[in-house]
Amino acid sequence: MNFKEIENKKLVRSYEFTIKYKLLDQKVDEKLEKARLNFQMKGFRKGRTPLTMMKKMFGDSTKNEIIQELIDTNLKKHLDDKGHKPASQPKIELKNGKLDNNSDLTFTFNYEILPEIPELKFDEIKLNEYKISVDNDAIKKALDELSKSACTFEPKKKNEKTKQGDQVIIDFRGTINNIEFNGGSAKDYPLVIGSNSFIPGFEEQLIDCKLHDDKMVNVNFPENYNSKDLAGKEAIFECKIKKINEPIPAKINDELAVKFSAKNLNELKTNIKERLSNEYKSFSRSLLKKELMDEIEKRVKFDLPQSLIDSELTQIIQQTSKHSAEIKKDKVNEKKKPTKEEKNIATRRVTLGLFFAEEGNRNKITVSEKEYQDAVSREAMNYPGKEKEFFNFLDNNPAIKEQISAPIFENKVFDHIVKLTKKSEKAVSFEQFKKKFDTKML
């Protein structure tokens with residue numbers, strides 16, 4: 001099968017090819033003749049069904065199978081001969097001829113090739129490697145947070161008002177259009193203001209209340225509320241403040257330490273220091289990675305396949321649309337035009353993704369089976385009691401393996417590149433680092 005080039009511009013390639021009817025008809029006859037040997041039809045002995053009848057019954061479906069086989073085989077040979085690696089699935093369209101007629105079929109075949117990725121001199125790249133110290137203030141702050149999380153509640157003075165963090169004991173009765181609804185009423189319910197355990201907007205309205213106050217709380221159930229009968233509806237809750245308790249932080253001592261799986265306070269402090277140290281290392285690595293990505297994006301230039309950018313933009317728009325509170329329910333399905341910022345993000349992701357993939361290939365960096373299995377085991381821990389279902393899901397969705405392997409591969413390539421760069425170690429406090437982190441990671 002001959003391919004006629006009709007476009008060759010930058011990364012875009014377009015070809016035209018024709019499947020002759022005579023060849024197609026011959027292939028159909030050959031396939032049906034082979035199938036006929038084991039086919040038995042009522043009124044005929046096995047293998048004796050006339051080819052004309054076989055063709056009448058199975059000709060169209062067999063023809064479609066042959067067309068697909070010819071396309072797949074010849075396109076693979078074409079790509080191999082040209083040495084082309086398509087950036088995405090090639091697009092095939094019927095240009096001339098009709099599938100249901102006895103005519104030659106001419107197809108167009110369009111794709112973008114992956115670009116040549118230039119090499120960089122990594123020893124010319126300078127990076128900052130931050131060493132963040134865990135000081136006593138950080139440990140004290142962590143202890144204070146643990147103390148607050150293990151607090152007890154004691155009654156406030158009679159005339160004191162409720163505030164964020166207080167626990168209120170309330171009776172409440174909810175109605176929609178003056179009609180009570182299932183699950184909308186309770187007595188002696190303990191609610192911590194600011195816990196976000198109730199409908200958005202409910203808890204805030206209980207601030208500045210006094211003991212025995214009656215409070216009317218007006219809220220709207222979220223559009224995505226788990227009960228369809230309540231989703232999106234306006235409700236009124238009649239609330240009675242029966243008790244007001246203020247949080248009393250737990251004492252920072254050995255007893256608190258035991259609550260958090262430590263033998264004593266000293267061990268708890270050691271555990272906190274180790275945890276913070278690991279967190280700081282992770283933060284430092286994230287910033288180092290960001291700085292490296294910025295340098296690579298600034299230094300490397302090559303043509304980008306538009307199909308990959310469009311695919312990335314689609315994902316970005318779907319993510320932002322899903323989490324955007326500004327999008328109206330009746331406009332969710334409208335096609336949203338990408339912003340300049342979204343285009344820049346898509347371009348950056350494609351650039352760095354292609355560069356990292358090529359750099360990994362150049363240096364024969366791969367994800368071992370053990371690394372993959374370890375990652376799968378960690379992921380399975382997120383589904384306690386349903387590990388078997390998770391593993392079955394992986395077996396039935398091979399593409400998920402790539403999603404699990406991709407970040408492992410990226411981190412290995414990152415480590416490889418970082419070793420080749422020039423690094424300056426900088427000892428900083430967490431507060432100093434946080435200013436840099438917040439600024440550069442925005």
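1. The buried residues of helix α10 are covered by elements that include α5 (265–299), α7 (340–362), α8 (369–380), α9 (387–396) and β11 (422–428), where buried means under 20% relative accessible area and exposed over 50%, with a 1.4 Å probe and protein chains only. Helices are DSSP runs of H or I with at least four residues and strands are runs of E with at least two, numbered from the N terminus.

2. This is a predicted model, in which local features need pLDDT of at least 70 and side-chain atom pairs count only at pLDDT 80 or more, whereas totals for chains, interfaces and linings use all residues. Residues are numbered from 1 along each chain as its sequence is written, and side-chain values use heavy atoms, leaving out hydrogens and water.

3. Among the buried residues of α10 are Ile404, Ser405, Phe414, Ile417 and Val418; at Ser405, shortly before Pro407, the helix has a kink of about 30 degrees, the bend being the angle between axes fitted to the seven residues ending there and the seven starting there.

4. In α8, the residues Tyr372, Ala375, Val376 and Ala380 are buried. Because they fall within an arc of 140 degrees seen down the axis of α8, they line one face of the helix, the arc being that of the directions from the helix axis to the C-beta atoms. Lys370 and Arg378, both exposed, sit on the face turned away from that buried side.

5. Leu292, leaving aside its neighbours within four places in sequence, is in contact (heavy atoms within 4.5 Å) with residues including Phe414, Ile417 and Val418.
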